[in-house]
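Please go through the structure shown here, one site at a time.

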Amino acid sequence: LEQYRKILKLFPRYAHTDKVLCFLGHEYQELGMTPEMLQTYDRLITKFPKSRLVPEVLLILGNFHLDKQDLAAAEKHYRQAVRRSDPGIAALARYRLGWLAMNRADYEDALAEFTAAARAAGPGAITTTNATPAQLEKIRNVRREALTDSVQAFTETHDPEEAARFYGNLADTRTLYVAILEKLGRRYVVQ
């Protein structure tokens, strides 16, 4: 912590101050120093709004607020992350927005967010994202997760006859398509 603070103090015009702030915020988070973490991340977002790190920080803040059950703040940060130009981070944020909508029983919005997450998590997202290695692994899985998790929202808003076409356009493997159709079948039987 001291080294990061020293860099910020001694080199206020350092070209990578955004990275220093991001690392410092992460350290505060790891140490459970919540007010310092929030202040540091806010400083990064405010002073360096065009930094490639801002979408990641917005996702981190969304997850933080979700863990604290502050759903309005979580949604605000996820929506801000989606508006940034990082498709991988946007995929992760949209997936979380899908679950926030599910928790509100807003199935139309949930389906739209899950679908957008699946589309954003396509192969191009991996090569153009600024995600951390751990987030890259999540992006690789978010397409499948978003599509399979969208099944409940789909069954609440669409007729069974629409499923094959809808998911046929989204599933990128036969295995995924079959898994989705099986889950859909179980959901429609329960209804």
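Relative accessible area, found with a 1.4 Å probe on protein chains only, sorts residues into buried (under 20%), exposed (over 50%) and partly exposed (in between). The model is predicted: local features need pLDDT of at least 70, side-chain atom pairs count only at pLDDT 80 or more, and totals for chains, interfaces and linings use all residues. Residues are numbered from 1 along each chain as its sequence is written, and side-chain values use heavy atoms, with hydrogens and water left out.

Glutamate 27 has a relative accessible area of 30% and is therefore partly exposed. Helix H2 (residues 17-30) holds this glutamate; helices are DSSP runs of H or I with at least four residues, numbered from the N terminus. Leaving aside neighbours within four places in sequence, glutamate 27 is in contact (heavy atoms within 4.5 Å) with Leu1 and Tyr4.

Arginine 143 belongs to helix H9 (residues 133-149). Its relative accessibility is 14%, so arginine 143 counts as buried. A polar atom of its side chain lies 2.4 Å from the backbone oxygen of alanine 118. Beyond four places in sequence, the contacts of arginine 143 include Leu170 and Asp172.

Helices H6 (residues 87-103) and H7 (residues 107-120) have axes, lines fitted to C-alpha atoms over the stretch in contact, that come within 8 Å and cross at roughly 160 degrees, on a scale from 0 to 180 degrees between N-to-C directions. H6 and H7 are therefore roughly antiparallel, the term for angles over 145 degrees.

Key
Helix = DSSP H or I, 4+ residues; strand = E, 2+ residues; numbered from the N terminus. Parallel < 35°, antiparallel > 145°, perpendicular 65-115°, else oblique. Polar contact = N/O pair within 3.5 Å; in protein donor to acceptor, adjacent residues only side chain to side chain.
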